[in-house]
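Dear colleague,

I am passing on the structure we spoke about, with the sequence alongside.

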Amino acid sequence: MRRLGSVQQKIPCVFLTEVRNEPSRKRDCQQFQVVATESVNPAALESDVHCAAATEKIDGTCCYVTTYRGEPYLWARLDRKPTKQADKRFKKYQYSQKTCKGFVWNVDEDFREVPESWIAAHRVQHENGHPVPDEHGHTPGWVPVDHTNKQYCWHASVVNYDAGVALVLKTHREDEGLLEIVSVPLADLMEQTLELIGTNVNGNPYGLGSKKHPVHVLVPHGVLRIRNPPPVEFQQLYSWFQERQEGRVEGIVWHCDDGTLVKIHRHHLGLKWPVGDTFLNTRPVVVHVDETPDPDASEKDLFKSFSSINGKLFSCIRDIPFEPIP
């Protein structure tokens with residue numbers, strides 16, 4: 001299977017969208033919501049979305065693997081955002097002009113500090129050596145995940161830099177209906193983006209682990225193919241999400257042959273997410289993690305936990321017990 005697109009920027013909706021003045025179903029504090037119209041986005045048509053690979057949109061937080069200090073490293077998403085005063089000025093302009101086009105940022109003063117190790121995401125434009133923010137005033141970027149930084153402790157739990165490996169959930173090579181959790185060399189994930197999912201990410205819609213034993217894994221973008229995707233047509237997509245077991249997903253991301261990515265989220269269609277029984281939890285999963293555990297590692301060390309159940313098959317990821325099996 002060809003490697004599908006890397007997620008470095010915000011992915012546009014496959015349909016043209018409109019803003020409605022009603023509380024968002026996605027964000028509690030947002031008093032408007034973005035919904036899809038029935039018109040397919042011309043950019044999607046231009047990229048031949050009808051022939052694109054349809055994949056499950058996973059509900060987590062975006063990560064990236066690239067070099068840091070000469071070694072493959074996991075990086076966490078960190079967008080450079082405006083200061084409170086600059087954001088207030090931006091929103092005032094937006095409200096008065098009914099658009100954000102034409103607003104001028106002071107790149108030197110209007111943005112919050114980011115760590116020295118921060119890098120801008122691919123395709124971010126630069127002017128005079130400075131990255132330029134997107135239309136919402138954010139500059140997408142990445143920071144390396146260090147085990148000493150408590151802010152990224154859940155990211156850090158899925159990588160072992162000494163061994164140069166990461167814990168990954170993906171489709172089994174020989175059986176597309178079977179999932180597997182494997183230990184993958186970070187070098188094999190170079191320049192890929194992945195989604196971190198688990199106990200302490202986005203309310204844990206997939207039910208992984210517990211407060212007593214938090215569990216997180218990385219899911220490479222594009223790895224979970226939708227085997228019989230619906231056509232890119234509003235009513236057929238709406239019915240698919242409502243009626244099909246395969247439709248119990250957060251959304252779909254289409255990977256076009258020219259590298260363009262487009263998506264649909266259930267919220268774009270006015271549908272609820274999360275749902276009680278996700279499609280991800282209808283698929284059996286086998287564990288293939290055979291790392292030699294650090295003798296000093298905590299009982300909650302994920303590599304140690306998964307190694308203890310290496311070779312075991314489970315009905316779904318939610319049902320994996322994270323204590324050694326006799």
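Is Arg318 buried, exposed or partly exposed? Arg318 is partly exposed, with a relative accessible area of 34%, where buried means under 20%, exposed means over 50%, and partly exposed lies in between (1.4 Å probe, protein chains only).

Before going further, please keep in mind that this is a predicted model, in which local features need pLDDT of at least 70 and side-chain atom pairs count only at pLDDT 80 or more, while totals for chains, interfaces and linings use all residues. Residues are numbered from 1 along each chain as its sequence is written, and side-chain values use heavy atoms, with hydrogens and water left out.

Arg318 forms a salt bridge (a side-chain nitrogen of Lys or Arg within 4 Å of a carboxyl oxygen of Asp or Glu) with Asp277, and the closest N and O atoms are 3.3 Å apart. Because Arg318 lies in the segment after strand E18 (313-314) and Asp277 in the loop between E16 and E17, this pair ties together parts that are 41 residues apart in sequence; helices (H or I, at least four residues) and strands (E, at least two) are DSSP runs numbered from the N terminus. Asp277 is partly exposed at 43% relative accessibility.

Asn281 also lies in the loop between strand E16 (261-265) and strand E17 (285-288), but at 9% relative accessibility Asn281 counts as buried. Its side chain makes two polar contacts (pairs of N or O atoms within 3.5 Å; within protein, one must be able to donate a hydrogen and the other to accept it, and residues adjacent in sequence count only if both atoms are side-chain atoms): the backbone oxygen of Tyr206 lies 2.9 Å from a polar atom of the Asn281 side chain, and the backbone nitrogen of Arg318 is reached at 3.2 Å.

The whole structure holds seven salt bridges, among them one between Asp79 and Arg77, with the closest N and O atoms 2.9 Å apart. Asp79 is partly exposed at 22%, and Arg77 is partly exposed at 23% relative accessibility.

Another joins the side chains of Asp87 and Lys91 at 3.1 Å, N to O, and these residues, being four apart in helix H2, are separated by about one helical turn. Helix H2 (residues 84-97) has 14 residues and reaches 20 Å from its first C-alpha to its last, close to the 20 Å expected at 1.5 Å a residue, the expected span being 1.5 Å times one less than the number of residues.
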